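Dear colleague,

Please read them alongside the model.

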Amino acid sequence: MPIRLAFSPDSDDVFMFWALLAGRIDGEGLTFVAEREDTESLNQRAERGDVDVLAVSIARYATIARDWLLLPHGASVGRGYGPVVVAREPRSIESLAGKRIGVPGLRTTAYLTLRLVGPAFEPVVVPIAPYAKAFEALRSGDVDAVLLIHEGRLTYEREGFHRVLELGEAWAAATGGLPLPLGGNAIRRGLGEETIAKVSRLCRASIAWALEHREEMIASLLSAEKRTDLPLDRALLDRYLAMYANEDTREMKPDVVNAIRELYRRGVAAGLLPETARLELAP
């Protein structure tokens, strides 16, 4: 049986698994197949358990730890940056109290963090696929602001919108400088200890290969890009990968692990996560 992967179409996810899927590293007798879905669909899919390695929001992992371990590599981490809240005109985050804010999903780390550091608001789920949907909702007035994740957080200015809040900055200010852990890769406990350790080792090797062949990866990602609504060029991709496919992706640093636990502690205290929320790392 092949090892089944599921991750988003976003460049940092593809970056991590590309070497493994393209045969650039030895699979040690394992074969890998992949599916790609948007972030919130992946978060929902965790309940089905029909894949072996699943890209999920860190906030979502808090509720699925019984059946999944979090891999200690492959994390998307913001250090003073992260998802952004944008609006049609310059305004303060306080002015959005009670307003409608478009969010990429109710299980996303971005949504949880905004609930923790921002004012009370009415969430409106606006799927991030296609990316243009969030901008359309904002232009039409369906929402007063929108919370952008992934590459969308780099393109709002060219769309004519204004940043209201940088979540990574707000989280760091609230926690004494902790990074913002956004996403990670979970592995199904049912694979068993031996297979879990082997798959984890291979995923780590795939990330290392990509980091060591970054220029080749950029060229491959650009040539394979199929999202017509995302104006992705080399400069934008280079900037995005510098943010979310870096040394934090190679291995979770101690401050990232601490940040996940702090996110869970605050989420539980606010009644936004179950009291069973916990972090368990794979080898």
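The largest pocket holds about 240 Å³ of space. It has 13 lining residues, and V14, R36, L221, A224 and E225 are the closest to its centre. This is a predicted model, in which local features need pLDDT of at least 70 and side-chain atom pairs count only at pLDDT 80 or more, while totals for chains, interfaces and linings use all residues. Residues are numbered from 1 along each chain as its sequence is written, and side-chain values use heavy atoms, with hydrogens and water left out.

On a 1 Å grid over the protein atoms alone, a cavity is a set of points where a 1.4 Å probe fits but cannot get out, whereas a pocket is an open set with protein on both sides within 12 Å along at least five of seven lines, and lining residues have an atom within 4 Å of a point. Grid points are joined across faces, edges and corners, and a volume is the space filled by probe spheres set on those points.

Returning to the largest pocket, α1 (11–21) and α8 (214–224) each supply at least two residues of its lining, and the largest share, four residues, comes from α1. Helices (H or I, at least four residues) and strands (E, at least two) are DSSP runs, numbered from the N terminus. By class, this lining divides into eight nonpolar, one polar and four charged residues, where Ala, Val, Leu, Ile, Met, Phe, Trp, Tyr, Cys and Pro count as nonpolar, Asp, Glu, Lys and Arg as charged, and the others, Gly among them, as polar.

The largest cavity has a volume of about 280 Å³ and is lined by 22 residues, of which T39, S57, H150, L182 and G183 lie nearest its centre. Strand β11 gives the most to this lining, with four residues, and the lining of the largest cavity comprises ten nonpolar, ten polar and two charged residues.

The UniProt annotation "binding site", from an unreviewed entry, covers T109 and A110, and both residues are taken in by the lining of the largest cavity. UniProt positions are given in the numbering used here, feature names are shortened, and annotations may be inferred rather than shown by experiment. T109 is placed in helix α4 (residues 109–117), and it counts as buried because its relative accessibility is 2%; buried means under 20% relative accessible area, exposed over 50%, and partly exposed in between (1.4 Å probe, protein chains only). Not counting residues up to four places away in sequence, T109 touches S57, I58, A59, P181, L182 and L263, contact meaning heavy atoms within 4.5 Å. A110 also lies in helix α4 and is buried, with a relative accessible area of 3%.

The second largest cavity holds about 80 Å³ of space, and its lining divides into eleven nonpolar, one polar and no charged residues. Strand β9 (145–148) provides the largest share of that lining, three residues.

Finally, L69 lies in strand β4 (residues 68–70) and is buried at a relative accessible area of 11%. L69 and P283 are 214 residues apart in sequence and 9.2 Å apart in space, C-alpha to C-alpha.

With best wishes
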